[in-house]
Amino acid sequence: MQLTIFKDYNALSQQAADEIIALVKRKPDAVLCLASGSTPLLTCQLLTEKALTQNIDFSRCIFIGLDEWVGIPPENEGSCAFFFHNQVFKQLNFSSSRIHLFNALSENLARECETMDNVIVENGGIDLMLVGVGMNGHIGFNEPGVSFDLYAHVAKLDETTTSVGQKYFREATELRQGITLGLKHLLESKKVLMLANGNKKAAIIQRAIEGEITNQLPASIIRRHPNSTVMIDEDVAAMLGR
Ligand code: GLP
């Protein structure tokens with residue numbers, strides 16, 4: 001694991017967007033897996049700006065959505081799908097047949113997981129996974145206590161996730177379960193970028209990268225990945241090495 005400290009959220013997001021662009025230039029059929037949420041928002045915005053200016057073609061890329069709230073339709077602006085449609089697909093020329101998001105309304109969520117696992121294998125694995133970290137140390141919906149050996153699965157959401165998650169929704173929303181790629185996917189991805197910015201993420205990131213590697217703090221798994229970079233701003237870095 002490599003740790004990179006940036007002056008601020010903008011510098012961090014610029015670099016994350018540049019890494020995605022560099023990968024797609026090198027490998028136009030790259031398999032990209034992105035998280036939604038507040039952390040990658042600016043990366044996505046800069047990515048679309050840079051891609052348009054540099055004329056980057058995403059039509060052969062495969063897009064994998066990291067996770068979704070079970071029972072929340074894609075039209076709901078709090079859904080991960082809504083985020084991807086608005087922040088990524090509207091601007092970039094991904095081909096719709098190459099976009100793979102979990103259908104969180106499916107009556108057969110186990111089959112959704114199986115389908116996603118197969119899509120990843122059939123396309124040769126994930127080239128780049130870009131993730132954020134939840135306030136409880138989750139990645140996607142890999143909640144504290146999750147096995148490091150799981151691929152896609154349905155998770156009961158932790159109390160922190162259901163309360164913090166309200167920030168994405170216009171009105172109070174009942175959130176119970178998430179459908180998510182597993183930490184085994186993260187371990188098998190060719191490269192992982194883990195992003196965190198702002199004071200509120202400082203304590204959890206400090207534990208993830210300086211504490212014990214444990215499934216009680218899923219983000220700590222990043223240290224087991226040989227080609228991962230934790231990208232943080234100075235607010236997060238301020239808590240490190242004490
Ligand atoms: C959410 C999502 C994750 C996201 C994380 C951090 O609940 N399930 O995919 O990366 O929590 O979110 P944010 O970047 O908004 O802090």
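**Why these labels? A tour of a predicted model**

Visitor: This model is predicted. What is Ile 64 in contact with, beyond its neighbours within four places in sequence?
Guide: Ile 64 is in contact with Val 31, Leu 32, Cys 33, Leu 34, His 100, Met 116, Val 119, Ile 120 and Leu 181, leaving aside neighbours within four places in sequence. Contact here means heavy atoms within 4.5 Å.

Visitor: What makes a set of residues a nonpolar core, and where does Ile 64 stand in the largest one?
Guide: The members must be buried and joined through side-chain atoms within 4.5 Å. The largest core has 42 residues. Ile 64 is one of those that touch the most other members, along with Met 129, Leu 181, Met 194, Ile 205 and Ile 232. Helix H4 (residues 109–122) gives the most to this core, with 5 residues. Apart from it lies another core, of 38 residues, including Ala 16, Val 24, Cys 80 and Leu 193. Nonpolar side chains tend to be buried together in soluble globular proteins.

Visitor: How do you know which strands stand at the edges of the open sheet?
Guide: Read the order of its 7 strands: S1-S10-S9-S6-S2-S3-S5, with parallel pairing. Strand S1 (2–6) and strand S5 (99–100) each have a single partner strand, so one side of each is left without a neighbour in the sheet.

Visitor: Why are S1 and S10 called a pair?
Guide: Pairing needs at least two bridges. S1 and strand S10 (residues 228–233) have 5, in the parallel sense. So they pass. Ile 5 has Ile 232 as its bridge partner in S10. Ile 232 is also the bridge partner of Ala 196.

Visitor: What makes S9 largely enclosed?
Guide: Buried means under 20% relative accessible area. In S9, 5 of the 6 residues are buried, so the rest of the structure largely encloses this strand. Strand S6 (residues 128–131) pairs with S9 in parallel over 4 bridges, with Met 129 partnered by Val 192. Another 5 bridges join S9 to S10, also parallel.

Visitor: Why is the unit of S9, H7 and S10 called right-handed?
Guide: Point the strands away from you. A clockwise path from the first strand over the helix to the second makes a crossover right-handed. S9, H7 and S10 make a β-α-β unit of that hand.

Visitor: Which residues bring H2 and H3 into contact?
Guide: Leu 41, Cys 44, Gln 45 and Thr 48 in H2 meet Phe 83, Gln 87 and Val 88 in H3. They divide into 4 nonpolar, 3 polar and no charged. The axes of helix H2 (residues 41–54) and helix H3 (residues 80–89) come within 9 Å and cross at roughly 35°.

Technical notes: Residues numbered from 1 in each chain as written. Predicted model: local features only at pLDDT ≥ 70, side-chain atom pairs only at ≥ 80, totals over all residues. Heavy atoms only, no water. Helix = DSSP H or I, 4+ residues; strand = E, 2+ residues; numbered from the N terminus. Axes fitted to C-alpha atoms, helices over the stretch in contact; angles between N-to-C directions. Nonpolar A, V, L, I, M, F, W, Y, C, P; charged D, E, K, R; others polar. Buried < 20%, exposed > 50% of the residue type's maximum accessible area, 1.4 Å probe, protein only.
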